[in-house]
Amino acid sequence: MKFRRKSDVDTTTEAVEDATDEVSVPAGPFDAEELADDGIDRVDLGSLVLTPEPGRELRLQVDEASGNVQSVVLAGADGAVELRAFSAPRNGDLWADVRPQIAADMESRGGTATEREGRFGTELLCHIVIQQPDGTKGAQPSRIIGVNGSRWLLRATLLGRPAIDPESSAAWEETIAKVAVRRGAHAMPVGEALPVVMPENARRVEPPTA
């Protein structure tokens with residue numbers, strides 16, 4: 001992992017404490033190549049490498065026809081986060097380009113998207129009305145965070161309480177910060193989704209029979 005360090009050496013107690021704080025708190029998400037050999041048994045999904053956490057359940061939605069993973073979700077008791085990674089240019093700010101497109105899509109569907117500044121920079125608070133399975137309509141809030149990396153963009157969509165109450169979602173932000181993205185060296189169009197693969201030890205859970 002890359003740690004931020006002070007470039008200037010100061011022998012005062014205050015400067016030493018500040019430098020220690022900066023070194024001890026790495027910034028994420030990361031490139032997969034930057035992950036330390038720390039003995040943690042992470043879940044390797046190809047383009048996404050996830051750190052297991054108590055209270056977080058990994059859910060993969062797989063297209064039955066193609067066998068491709070369509071959605072990667074970490075779910076908890078109070079909410080969930082959907083993770084997607086995309087190819088991005090080496091230089092530039094793909095998230096700044098994508099945000100207006102997401103906002104326009106929300107508005108075209110009768111919803112709203114408001115920008116706010118958060119831990120990872122500018123994010124979107126979205127609200128849209130959807131039809132429930134029982135035919136009734138209800139509001140669906142979401143909070144979309146974008147992180148520009150080295151030739152990749154990680155998009156994390158928070159649902160549930162962390163979308164409704166951003167100020168109390170530090171634990172979910174830590175979950176996002178622990179994500180690592182594997183871009184790969186091959187050429188890809190900007191904005192194309194990076195492929196996700198099923199882990200070797202994954203097993204299909206069939207619904208119970210009556």
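Mentor: Two strands count as paired if DSSP finds at least two bridges between them, and what follows concerns a predicted model.

Trainee: What is the strand order of the open sheet of 4 strands?
Mentor: The pairing within this open sheet is mixed. One of its pairs is strand 1 with strand 11, residues 180-181, which run parallel and are joined by 2 bridges. Read across the sheet, the order is 1-11-3-2.

Trainee: Which residue in strand 11 is the bridge partner of Asp31?
Mentor: For Asp31, the bridge partner in strand 11 is Val181.

Trainee: How many residues lie between strand 4 and strand 5 in their hairpin?
Mentor: Strand 4, residues 57-62, runs antiparallel to strand 5 and is joined to it by 6 bridges, with Arg59 standing opposite Val73. In the hairpin that these two strands form, Gly67 takes a positive phi near 80°, and the number of residues between the strands is 6.

Trainee: Which residue of strand 6 stands opposite Ala75?
Mentor: Strand 5 and strand 6 run antiparallel and are joined by 4 bridges, and they form a hairpin with 3 residues between them. Within strand 6, the residue opposite Ala75 is Ala80.

Trainee: How many of the 7 residues of strand 5 are buried?
Mentor: Buried means under 20% relative accessible area, and by that criterion strand 5 is mostly covered. The number of its residues that are buried is 6.

Trainee: Which element supplies the largest share of the largest nonpolar core?
Mentor: This core has 24 residues, and those with the most contacts inside it include Leu48, Leu50 and Val81. Among the elements that each supply at least two of its residues are strand 5 (69-75), strand 9 (137-148) and helix 4 (170-177). The largest share, 4 residues, comes from strand 10.

Trainee: How many residues are in the second, separate core?
Mentor: In soluble globular proteins, nonpolar side chains tend to be buried together. Here the second core is separate and includes Trp95, Ile102, Cys126 and Ile128, and its residue count is 11.

Key: Residues numbered from 1 in each chain as written. Predicted model: local features only at pLDDT ≥ 70, side-chain atom pairs only at ≥ 80, totals over all residues. Heavy atoms only, no water. Core = buried A, V, L, I, M, F, W, Y, C linked by side-chain atoms within 4.5 Å. Buried < 20%, exposed > 50% of the residue type's maximum accessible area, 1.4 Å probe, protein only.
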